[in-house]
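Take a first walk through this protein with the model open beside the text.

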Amino acid sequence: MVHLSRVKREPSHRRHHRQERDATVAQNPMYANVYATRYASEELPMHVMNQQGMPAEVASRMIADELSLDGNPLLNMASFVTTYMEKEAEELMSNAMSKNFIDYEQYPQTALMQNRCVNMIAELLNAPQNHDTGKEEGAMGTSTVGSSEAIMLAMLAMKKRWQNKRKAEGKDWSRPNIIMNSAVQVCWEKAVRYFDVEEKYVYCTEDRFVIDPVQAVDLVDENTIGICAIMGTTYTGHYEDVKAINDLLVKRNIDCPIHVDAASGGFVAPFTAPSRVWDFRLENVVSINVSGHKYGLVYPGIGWVFWRSPEYLPKELVFNVNYLGAEQATFTLNFSKGASNVIGQYYQLIRLGREGYKVIMHNLTQISSQLRKGIQDLGFIILSDTTGTGGVPLVAFRFPDDENRLFDEFALSAVLRRRGWVIPAYTMAPNSSQMKLMRIVVREDFTTHRCMLLIEDIKQALKSLDDMDHMTVQRYIQYIGEHGHHLPPGHSFYQNEQHSLQGTTGKSHTVC
Ligand SMILES: *Cc1c(COP(=O)(O)O)cnc(C)c1O
């Protein structure tokens with residue numbers, strides 16, 4: 001609940017004091033040195049805007065200074081989201097910051113670049129091609145803010161199509177449901193809640209962290225709008241067996257669409273596991289989402305979603321906007337957005353080419369196996385893929401069961417944090433005995449050398465925990481529980497919610 005922030009007010013006596021100073025203290029002319037101005041000895045505005053502003057160099061310095069307390073993105077091993085782009089890409093992106101992507105008329109080349117990205121990524125996903133037959137067939141796609149928006153759109157399309165079918169048959173269309181793994185990313189929980197779709201979970205077990213295809217297909221009923229299969233689950237990075245689900249549906253002659261959530265794996269599997277069949281080659285796969293800002297290698301703010309053909313994207317969801325004279329079909333939740341990320345994606349696709357992505361993804365696979373080996377040698381149990389082709393490049397691991405060990409994954413995470421590494425500890429999805437695990441995501445900027453440094457740091461962290469006696473460890477764990485972070489407190493009205501998987505089962509939501 002960090003982002004839903006409660007509005008706070010400053011105590012009125014302080015406000016009064018601040019306004020007085022604003023009005024009476026003359027501006028110091030020594031702007032050349034930010035720290036020689038009066039702003040250096042005043043608190044920054046936090047509750048109400050000051051009457052007067054401040055010089056640009058002061059504002060920018062104050063903000064930059066404060067941001068130095070944020071974590072270092074390079075050490076954030078919790079996230080799939082891109083933390084490195086070449087400076088040429090950064091320059092193009094910052095030059096495009098003033099362009100509104102929705103304004104196709106004004107920025108037609110940007111719109112064309114998005115369409116080229118759609119073509120290229122669709123080809124990676126083996127989307128059916130458009131033949132010039134005059135018939136409305138073939139795949140289509142659009143950019144989104146991320147996979148979450150992509151998934152909301154895909155969910156709406158599945159729901160609407162199911163409803164239209166039910167209405168045409170004169171049947172009840174009020175109780176749609178969707179089938180998915182209980183290890184889904186939190187955006188799926190949001191999507192079902194926001195769009196009134198009942199969730200039917202296939203639960204993980206202690207040794208199966210992916211969806212069970214038979215259980216999934218067994219759950220299908222006349223109200224099922226689709227099955228979600230994940231290419232790269234958030235917890236352990238495993239690819240789910242989309243083909244097995246597809247083949248079972250075909251074998252049983254069940255007409256049920258599959259949506260593939262390839263947020264993390266969409267740009268990985270085509271290069272590192274080309275023989276795995278999970279995409280539009282499977283006839284029941286009707287839509288796929290990918291995050292451009294994960295292994296698509298673009299800074300945060302871009303995702304993609306594709307449909308097999310117009311049949312799977314009901315007309316009533318698509319709006320034709322007449323923007324300054326140009327007719328454009330759009331399907332988005334938001335109207336205006338920046339154009340930079342689309343341009344960044346196009347840069348990466350033409351700059352790297354297939355070979356560039358392939359080399360990067362192969363490097364990452366290799367580095368993640370070096371990391372896995374190092375972690376295994378430290379005595380951990382590996383929970384993520386060990387073959388190199390069964391999941392995205394990450395290492396998920398836990399301590400072996402050992403009653404004599406005094407500390408857990410959360411304590412290790414806290415010790416590593418002191419050195420700057422962000423390596424999260426989680427509680428696994430429900431029905432896995434509240435298993436704790438840690439996860440390290442291997443991103444483009446993580447090299448073998450940094451991997452070796454990290455392994456050494458984990459070793460040192462374990463040693464420092466081993467050296468603590470029972471009482472100290474207990475106190476330490478309690479201490480990090482109470483003082484472990486500097487996040488603003490959540491909104492009390494929304495705390496202890498009971499509707500999410502987190503609320504009902506204690507599953508912790510992994511970051512991204
Ligand atoms: C990251 C992720 C999402 C959410 O994607 P965003 O691009 O962060 O909105 C959804 N599903 C999976 C499997 C993910 O890894």
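Is Ala40 buried, partly exposed or exposed? The model is a predicted one, and the answer is computed from its atoms. Ala40 has a relative accessible area of 39%. Buried means under 20%, and exposed means over 50%. Ala40 is therefore partly exposed, because its 39% falls in between.

Now place Ala40 in the chain. Ala40 sits in a loop. Helix H1 (12-24) and helix H2 (56-67) are the two helices that this loop lies between. Take Met62. In sequence, 22 residues separate Ala40 and Met62. In space, their C-alpha atoms are 8.3 Å apart.

Next, turn to Arg398. Strand E11 (residues 394-398) contains Arg398. Is this residue buried or exposed? The relative accessibility of Arg398 is 16%, so Arg398 counts as buried. The cut-off for buried is under 20%. The side chain of Arg398 makes a polar contact of 3.4 Å with the side chain of Asp401. Leaving out residues up to four places away in sequence, Arg398 also touches Phe380, Ile381, Leu383, Glu409, Met435, Lys436 and Leu437.

Phe380 leads on to another residue. Leu412 touches Phe380 too. With residues up to four places away in sequence again left out, Leu412 touches Phe399, Met438, Ile458, Ala461, Leu462 and Leu465 as well.

The largest nonpolar core has 107 residues. Which of them touch the most other members? They are Leu371 and Leu412. Helix H10 (residues 340-377) gives the most to this core, with 13 residues. Why does the core lie between two domains? Domain 1 (90-346) gives residues to it, and domain 2 (359-483 + 500-505) does too, so the core lies between them. There is also a second, separate core of 30 residues. Among its members are Ala150, Met152, Trp307 and Leu313.

Finally, step back to the whole protein. Its elements are 14 helices and 13 strands. Of its 512 residues, 50% count as buried. The protein exposes about 25700 Å². Carbon and sulfur atoms supply 52% of that area. Consider the contacts with a separation of 6 or more: residues 24 or more positions apart account for 72% of them.

Terms used:
Residues numbered from 1 in each chain as written. Predicted model: local features only at pLDDT ≥ 70, side-chain atom pairs only at ≥ 80, totals over all residues. Heavy atoms only, no water. Core = buried A, V, L, I, M, F, W, Y, C linked by side-chain atoms within 4.5 Å. Buried < 20%, exposed > 50% of the residue type's maximum accessible area, 1.4 Å probe, protein only. Helix = DSSP H or I, 4+ residues; strand = E, 2+ residues; numbered from the N terminus. Domains from an automatic or database assignment. Contact = heavy atoms within 4.5 Å. Areas by Shrake-Rupley, 256 points an atom, 1.4 Å probe, with all protein chains shown as cover. Polar contact = N/O pair within 3.5 Å; in protein donor to acceptor, adjacent residues only side chain to side chain.
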